[in-house]
Amino acid sequence: MSQFTVLVTDDDQDIRDGIEIYLKNEGYRVLKASNGLEAIEQLASNEVHVIILDIMMPKLDGISATFKIREQRNIPIIMLSAKAEDSDKIHGLSVGADDYVTKPFHPMELVARVKSQLRRYVTLGTYQGKTQRLEIDGLVLDADSKEVSLHGEPIKLTPIEFKITELLMENAGRVFSIRDIYERVWNEPAYNAENIVAVHIRKIREKIEADPKNPRYLKVVWGIGYKIEK
């Protein structure tokens, strides 16, 4: 995976340098930034495949930086935070992050998260034998270009949101439990996945539904899970 670049953003130099050592040992190219503004500057001049982004930083914090990055880019973002409360994790995911790691963490756990995000990012939409273009009543997903549109208008989805939408559209009418969605999209066992999946479902609805409270496409089947209506 030496062709892939990871941007490590943290105001603590020791943490940046420590993460860099482990990532380079795995063959990744590493860029570093000490705050959100520097991270955005790095993105403007470099091709980056995964962003590691601390929440609490000077000049521009991780939440604000994520908002700005998501205006134009769908690069996977892994947030770092000293806070372990579910509400903080949900907030981080709701603004566009794809994963969340609580400090202190083992560096190899973070490396594993990077690898997982890269697999989804670079192979997004490559289920074997599937249709590359999916369409349901004006909602179109193109697995080759990684684009989603609604009645011709482009919809910006994060990699995780794209993967969930793709899974449900490819199996339109089929109900997937929260566990099924998490294990298929995150490629790991589901543990306390309810809030994480629910946040992403809500964000997808906000983007593809004219009335998210009365969805046309992404519907809940109470007590069972979610589906996209045919």
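Mentor: We will take a few labels in turn, bearing in mind that this is a predicted model.

Trainee: Why is Asp 54 called buried?

Mentor: Buried means under 20% relative accessible area. Asp 54 has 4%, so the label buried applies.

Trainee: What does Asp 54 touch, and where is Asp 54 found?

Mentor: Asp 54 is found in strand S3, residues 50-54. Leaving out residues up to four places away in sequence, its contacts include Asp 10, Asp 11 and Lys 103. The unreviewed UniProt entry also annotates Asp 54 as "modified residue: 4-aspartylphosphate".

Trainee: Why is Met 108 called partly exposed?

Mentor: The term covers values between the 20% limit for buried and the 50% limit for exposed. Met 108, in helix H5, has a relative accessible area of 36%, so Met 108 is partly exposed.

Trainee: What makes the nonpolar surface patch with Met 108?

Mentor: Ile 21, Tyr 22 and Met 108 make that patch, of about 270 Å². A patch residue needs over 30% relative accessible area, and Met 108 has 36%.

Trainee: How do you know that S6 and S7 pair?

Mentor: Pairing requires at least two bridges. S6 and S7 have four, in the antiparallel sense, so they count as paired. Leu 134 has Leu 141 in S7 as its bridge partner.

Trainee: Which side chains of S6 are buried?

Mentor: Leu 134 and Ile 136, which point to one face.

Notes. Residues are numbered from 1 along each chain as its sequence is written. This is a predicted model: local features need pLDDT of at least 70, side-chain atom pairs count only at pLDDT 80 or more; totals for chains, interfaces and linings use all residues. Side-chain values use heavy atoms; hydrogens and water are left out. UniProt positions are given in the numbering used here, feature names are shortened, and annotations may be inferred rather than shown by experiment. Helices (H or I, at least four residues) and strands (E, at least two) are DSSP runs, numbered from the N terminus. Buried means under 20% relative accessible area, exposed over 50%, partly exposed in between (1.4 Å probe, protein chains only). Contact means heavy atoms within 4.5 Å. Patches are made of residues with over 30% relative accessible area and no salt bridge: like charges are joined within 9 Å, nonpolar side chains (Val, Leu, Ile, Met, Phe, Trp, Tyr) within 5 Å. Accessible areas come from the Shrake-Rupley method with a 1.4 Å probe; for residues, only the protein chains shown count as cover. A salt bridge is a side-chain nitrogen of Lys or Arg within 4 Å of a carboxyl oxygen of Asp or Glu.
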